[in-house]
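Please read the numbered points with the sequence and the structure in view.

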Amino acid sequence: MGRYFVKRILLAVVTFFIVTAITFFAMNAIPGGPFNKEKATSPQVQAVLEERFNLDKPVPEQYVLYLKQFFSGDFGISLKTGRDIGTTIMTSFPVSAKLGLQAIFMALVCGIVLGSIAALMRNKWPDRVIVFLSTLFTAMPSFVLATFLLLIFCVKLQWVPAWSIDNPSYVLPVISLALYPTAYITRLTKTSMLDALSTDYVRTARAKGVASWKVMFKHSLKNALIPVITYLGPATAGIITGSIVVENIFTIGGLGEKFVSAITNRDYPMIMATTIFLAILMIIMTLISDLIYKVVDPRINFD
């Protein structure tokens with residue numbers, strides 16, 4: 001297991017540098033700059049600003065300087081707001097994390113339950129209804145669903161209040177984020193459960209007269225969760241920091257909204273910081289999901 005961890009850490013380091021390099025050079029390759037405005041800035045002022053933020057240097061040198069600054073624990077200063085980026089991330093990330101964790105918990109519980117029901121009642125009407133709904137929500141973009149829920153339940157019916165800092169309502173944003181992973185986990189669970197139910201040890205357990213619920217939860221479901229765990233790690237990181245459109249629709253003010261604003265304003269340090277933050281979170285969640293394999297199935301050998 002020790003050798004496996006060393007390999008994963010080395011792979012994480014390589015992934016980190018690849019993500020930062022692609023983001024940095026692609027960002028600087030786009031025409032324009034962060035100080036380009038509708039009202040033109042004088043050449044003297046623009047030259048001073050570019051020198052202040054090292055934008056007058058060659059792009060490879062800018063990349064090296066940014067990495068030195070990052071590894072010293074400094075995320076930089078926003079080019080648009082002048083605020084410390086590390087502070088901005090730490091204050092906005094908890095909002096996205098709370099929203100994302102609630103969504104992934106709802107998706108995990110509902111997806112496993114619905115997938116198990118669909119597998120146990122294969123080709124019956126509950127299975128057909130679940131398959132239809134999972135296909136529908138898999139194909140429906142989150143921003144379409146979020147807009148629809150906001151229009152119906154918040155504007156028309158007024159069952160759910162609009163988002164506010166004093167009275168935050170996570171109901172509609174959580175549902176908007178959770179339905180796609182719920183549908184995906186449902187399909188994964190059903191497929192894996194059908195494979196598990198057709199194995200020899202399950203047939204043997206049934207032949208011995210083991211109760212159906214015990215066959216399902218003790219023998220089949222435990223092995224059927226392996227593909228779900230594989231999906232769960234990256235999905236958690238993606239939902240927590242990738243709820244960009246949903247956060248903008250409900251004006252939540254989390255990290256996703258800050259990321260969209262940074263792209264619109266060409267705020268290079270903010271774009272880099274949020275991208276690196278997402279990459280690190282993705283790497284950590286993937287590693288955690290790999291470790292959970294061993295808990296679910298002790299037969300797995302990392303070496």
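Predicted model: local features only at pLDDT ≥ 70, side-chain atom pairs only at ≥ 80, totals over all residues.

1. N123 counts as exposed because its relative accessibility is 52%, where exposed means over 50% relative accessible area, buried under 20%, and partly exposed in between (1.4 Å probe, protein chains only). N123 lies in the loop between α4 and α5 (125–139). Although N123 is not a glycine, it has a positive phi of about 70 degrees.

2. Residues are numbered from 1 along each chain as its sequence is written, and side-chain values use heavy atoms, with hydrogens and water left out.

3. As to overall architecture, the protein chain has 12 helices and zero strands. Helices (H or I, at least four residues) and strands (E, at least two) are DSSP runs, numbered from the N terminus. Of the 303 residues in the protein chain, 39% are buried. The accessible surface comes to about 16,800 Å², and 68% of it belongs to carbon and sulfur atoms; such areas come from the Shrake-Rupley method with a 1.4 Å probe, and for residues only the protein chains shown count as cover.

4. How far apart in sequence are the residues that contacts join? Among contacts between residues at least 6 apart in sequence, 74% join residues at least 24 apart. Contact here means heavy atoms within 4.5 Å.

5. The largest nonpolar core has 33 residues, of which L99, A103, L172, L177, I185, M193 and F250 touch the most other members. A nonpolar core is a set of buried Ala, Val, Leu, Ile, Met, Phe, Trp, Tyr and Cys residues joined through side-chain atoms within 4.5 Å. Helices α4 (85–120), α6 (142–156), α7, α8 (200–207) and α9 (212–242) each supply at least two residues of this core. Another core, of 26 residues, lies apart from it and includes L55, I89, I240 and A273.

6. L172 is found in helix α7 and is buried, because its relative accessible area is 5%. Residues up to four places away in sequence aside, L172 touches L149, L150, F153, C154, V160 and F250. Of these, C154 is itself buried, with a relative accessible area of 13%.

7. Is T182 buried or exposed? T182 is buried, since its relative accessible area is 8%. Beyond its neighbours within four places in sequence, T182 is in contact with M106, A107, C110 and G111.

8. On cysteine pairing, the count of disulfides comes to zero, a disulfide being a pair of cysteine sulfur atoms within 2.5 Å.

9. Side chains of opposite charge can pair when their charged atoms come close. The count here comes to one salt bridge, defined as a side-chain nitrogen of Lys or Arg within 4 Å of a carboxyl oxygen of Asp or Glu. D127 forms a salt bridge with K190, and the closest N and O atoms are 2.9 Å apart. Because D127 lies in helix α5 and K190 in helix α7, the pair ties together parts that are 63 residues apart in sequence. Both D127 and K190 are buried.

10. Two further residues describe helix α5. F132 has its place in helix α5 and counts as exposed, at 57% relative accessibility; the C-alpha atoms of F132 and A183, 51 residues apart along the chain, are separated by 9.8 Å. V129 is also found in helix α5 and counts as partly exposed, at 38% relative accessibility. V129 and A118 are 11 residues apart in sequence and 8.8 Å apart in space, C-alpha to C-alpha.

11. Finally, F105, V109, V113, L114, I117, L120 and M121 make a nonpolar surface patch of about 570 Å². Patches are made of residues with over 30% relative accessible area and no salt bridge, with like charges joined within 9 Å and nonpolar side chains (Val, Leu, Ile, Met, Phe, Trp, Tyr) within 5 Å. V109, one of the patch residues, is found in helix α4 and is partly exposed, with a relative accessible area of 40%.
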